[in-house]
Amino acid sequence: MQQGWIKLHRKIQDDVFWKESREFSKLEAWLDILLEVQHSETQSVILGFQIFKVERGESLKSYSTWASRWNWTLSKTKRYFNF
């Protein structure tokens with residue numbers, strides 16, 4: 001296996017290939033998680049009447065939100081996260 005890393009800009013999500021309506025592969029779902037989680041220091045987010053602190057690497061998205069993004073069923077999404 002080759003070593004090293006690559007830089008992947010979040011702007012990739014604006015590309016027509018990323019936005020096309022399709023079922024995501026497991027790899028695309030993993031990349032989507034990496035692109036969507038909080039990337040900066042702690043941020044406060046208001047949801048409803050509550051304030052949540054989101055740390056680097058965390059997300060407040062629900063299973064149903066991820067399922068909708070990836071065109072997956074809710075059960076497939078839950079299995080993916082519980083793998």
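User: A charge sits over a ring if NZ of Lys or CZ of Arg is within 6 Å of the ring centre and within 35 degrees of the ring normal. Which ring does the charged end of K61 sit over?
Analyst: The charged end of K61 sits over the ring of W66, 5.8 Å from the ring centre. Please note that this is a predicted model, in which local features need pLDDT of at least 70 and side-chain atom pairs count only at pLDDT 80 or more, while totals for chains, interfaces and linings use all residues. Residues are numbered from 1 along each chain as its sequence is written, and side-chain values use heavy atoms, with hydrogens and water left out.

User: And what lies over the face of W72?
Analyst: K76 does, at 4.6 Å from the ring centre.

User: Which aromatic cluster do W66 and W72 belong to?
Analyst: Y63, W66, W70, W72, Y80 and F81 form one aromatic cluster. Rings of Phe, Tyr and Trp (its six-membered ring) pair if their centres lie within 6.5 Å; planes under 30 degrees apart are stacked, over 60 edge-to-face, and the rest tilted. The count comes to 9 aromatic pairs. One of them joins W70 and Y80 edge-to-face, with 5.7 Å between centres and 80° between planes. This pair links helix α3, which holds W70, to helix α4, which holds Y80, 10 residues apart.

User: Is W70 buried or exposed?
Analyst: W70 is buried, because its relative accessible area is 0%; buried means under 20%, exposed over 50%, and partly exposed in between (1.4 Å probe, protein chains only).

User: Where is F24, then?
Analyst: F24 is in the loop between α1 (16-19) and α2 (26-36); helices (H or I, at least four residues) and strands (E, at least two) are DSSP runs, numbered from the N terminus. F24 is buried, because its relative accessibility is 6%. F24 and W70 are 46 residues apart in sequence, yet their C-alpha atoms are 5.0 Å apart. Beyond its neighbours within four places in sequence, F24 has contacts (heavy atoms within 4.5 Å) that include W18, A29 and W70.

User: Changing topic: which residues of α2 are buried?
Analyst: They are E28, A29, D32, I33 and L35.
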